[in-house]
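Please look at the fold shown below before reading on.

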Amino acid sequence: MVINYLALAVPFFLFFIWLEYYIAQKQGKSYFKFNSSIANINVGIAERLIDLFTAGGFYFFYDYLHTHFAIFDIQPSILLWIALLLATDFLWYWYHRFGHEVNLFWGFHVVHHQSEEFNYTAATRITIFQSVVRTAFWSVLPIIGFPAEMITTILLVHGIYPFFTHTRLIGKLGILEYIMVTPSHHRVHHASNEEYLDKNFGDMFIIWDKLFGTFAEEKEEPTYGLTKQLGSYSFLWQHFHFLVEIGYAAKTEKGLLNKLKVIFGRPSSFSPDMRHKAEKKFLAVRKVKVHTTKFRTYVVAQIAFIIIALFLLLLFEHYIPLFLQVMVALFILITLINCGAIMEQRRWVFYLEFVRASLVTITTYYYFPSPTLTGMLILLLITGIAYFSSLQKQYLRLIYGKRKFFE
Ligand SMILES: [Zn+2]
Ligand SMILES: [Zn+2]
């Protein structure tokens with residue numbers, strides 16, 4: 001039996017999130033907030049999910065470059081593994097620094113920094129877009145001559161190590177503070193305090209920051225998140241808001257050169273009005289006024305369900321046909337959007353239930369094309385549409401509790 005051991009990353013990271021939560025509770029520290037933690041984990045779920053379809057592509061890309069352009073014929077040895085670890089970390093430093101200093105790259109990396117809480121759930125905020133940018137930076141490695149197997153193995157180290165630097169439970173680590181990136185260093189990186197901005201870009205080693213003058217020691221208590229907090233837990237908005245803002249800013253500029261200046265300029269010189277403009281256009285939808293936390297049970301149940309689905313999907317990747325993989329992946333993505341929208345108290349979550357029902361119907365029909373079953377499902381769908389508005393009312397009452405439906 002060929003199972004995908006990378007799936008074990010899911011319970012592995014969940015265990016440490018639980019452990020950190022447990023210890024923090026015991027020590028009476030409130031390091032976790034419901035909406036923020038769920039939103040963080042949702043970003044991580046999407047990343048693991050999409051990785052299922054893209055990991056092979058990254059490997060192929062490195063392998064292609066290695067086969068066609070490798071300068072040296074590198075064979076794995078202890079020294080060369082160490083050299084590769086240093087090289088990837090050096091490239092990581094620059095990839096990360098560009099992620100903060102160039103608007104377009106910040107548009108992708110900003111997702112990692114939206115959490116107002118700093119805990120292991122924030123570590124899961126990684127997106128596929130970041131992986132694409134990182135791969136571009138790392139493409140020099142196969143050209144030097146490092147084989148794709150070596151690079152993707154080192155990628156695992158860079159996947160695990162930084163997870164553990166996202167915590168407030170661990171203080172300073174003595175001598176390690178001089179060489180490694182520690183939780184203290186990374187707390188500074190996630191802070192919006194003036195003196196901490198654009199500091200500590202390193203992933204594993206802090207030496208690059210010291211070398212290139214971007215190092216800052218943790219002195220005063222950091223305030224976490226963006227300098228201008230997003231204040232939204234919407235899955236889609238968190239992923240795309242800054243790209244939308246860049247779009248608006250580029251639109252207002254005249255001439256190609258000025259537009260390019262916006263896209264590749266510095267986030268610090270970016271007009272804050274764009275956020276307002278984008279929010280007005282994309283977020284000004286009717287909300288439900290909620291004073292309860294009733295929806296939490298529904299959100300937690302959905303997240304638990306899709307985490308199990310994701311784990312099984314990854315574990316038995318080689319046995320699940322592509323059609324089913326795609327359908328399950330779409331179901332999980334819609335669920336992530338659904339949970340984000342519920343935490344934002346959007347009314348349109350109800351439409352997403354129809355999308356999910358349709359996905360289940362299509363999949364059922366694909367495997368069991370019986371006319372009776374199809375007839376029943378279509379009948380159910382027609383009934384749903386016929387009683388749409390009363391169903392919607394019932395549904396919103398069920399998840400949000402009893403109160404006025406309009407703002
Ligand atoms: Zn960063
Ligand atoms: Zn981080």
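## Helix packing

Helix 15 and helix 16 are roughly antiparallel to each other, a label given to angles over 145 degrees, while angles under 35 degrees count as roughly parallel, 65 to 115 as roughly perpendicular and the rest as oblique. The axes of helix 15 (residues 322–343) and helix 16 (residues 349–367) cross at roughly 165° and come within 10 Å. Such axes are lines fitted to C-alpha atoms, for helices over the stretch in contact, and the angles run from 0 to 180 degrees between N-to-C directions. Helices themselves are DSSP runs (H or I, at least four residues), numbered from the N terminus.

This is a predicted model, in which local features need pLDDT of at least 70 and side-chain atom pairs count only at pLDDT 80 or more, whereas totals for chains, interfaces and linings use all residues. Residues are numbered from 1 along each chain as its sequence is written, and chains are lettered from A and ligands numbered from 1 in the order in which they are written.

The crossing of helix 15 past helix 16 is left-handed, a term used if the near helix is turned anticlockwise from the far one by less than a right angle, with clockwise giving right-handed. On the helix 15 side the meeting residues are F323, M327, L330, F331, I334, I337, N338, A341 and I342, and on the helix 16 side they are V349, L352, V355, R356, L359, T363 and Y366. Two residues are in contact if their C-beta atoms, placed from the backbone, lie within 7 Å. Sorted by class, this contact of helix 15 with helix 16 has 13 nonpolar, two polar and one charged residues; Ala, Val, Leu, Ile, Met, Phe, Trp, Tyr, Cys and Pro count as nonpolar, Asp, Glu, Lys and Arg as charged, and the others, Gly among them, as polar.

Helix 15 also packs against helix 2 (residues 34–69), with axes that come within 10 Å and cross at roughly 165°, and helix 2 and helix 15 are therefore roughly antiparallel to each other. Their crossing is left-handed. Helix 2 contributes N35, I38, A39, N42, I45, A46 and L49, and helix 15 contributes A329, I332, L333, L336, C339, G340 and M343. The contact of helix 2 with helix 15 has 11 nonpolar, three polar and no charged residues.

Another pair is helix 3 (residues 78–101) with helix 6 (residues 128–138), which pack at an angle of about 130° with their axes 9 Å apart, and that makes helix 3 oblique to helix 6. Helix 3 passes helix 6 in a right-handed crossing. T88, L91, W94, Y95 and G99 of helix 3 make the contact with V133, R134, F137 and W138 of helix 6, and by class it has six nonpolar, two polar and one charged residues.

## Nonpolar cores

A nonpolar core is a set of buried Ala, Val, Leu, Ile, Met, Phe, Trp, Tyr and Cys residues joined through C-beta atoms within 7 Å. The largest has 47 residues, and those with the most contacts inside it are I45, L310, I332, I342 and M343. A second, separate core of eight residues includes W138, F146, M150 and I151. Leaving aside neighbours within four places in sequence, L310 is in contact with V10, I45, R48, L49 and I332.

I306, which is found in helix 14 (residues 295–315), touches I45, I332 and T335, not counting residues up to four places away in sequence.

## Single residues

A residue is buried if 20 or more other C-beta atoms lie within 10 Å of its own, exposed if 12 or fewer, and partly exposed in between, with C-beta atoms placed from the backbone.

| Residue | C-beta atoms within 10 Å | Class |
|---|---|---|
| I306 | 23 other C-beta atoms | buried |
| N200 | 27 other C-beta atoms | buried |
| D198 | 14 C-beta neighbours | partly exposed |
| T223 | 14 C-beta neighbours | partly exposed |
| L333 | 16 other C-beta atoms | partly exposed |

D198 lies in the loop between helix 9 (183–189) and helix 10 (207–211), and its phi is near 55°, a positive value in a residue other than glycine. N200 is placed in the loop between helix 9 and helix 10, and phi of N200 is near 55°, a positive value. Most residues other than glycine have a negative phi.

T223 lies in the loop between helix 10 and helix 11 (235–252). T223 and S192 are 31 residues apart in sequence, and their C-alpha atoms are 5.7 Å apart in space.

Methods
Helix = DSSP H or I, 4+ residues; strand = E, 2+ residues; numbered from the N terminus.
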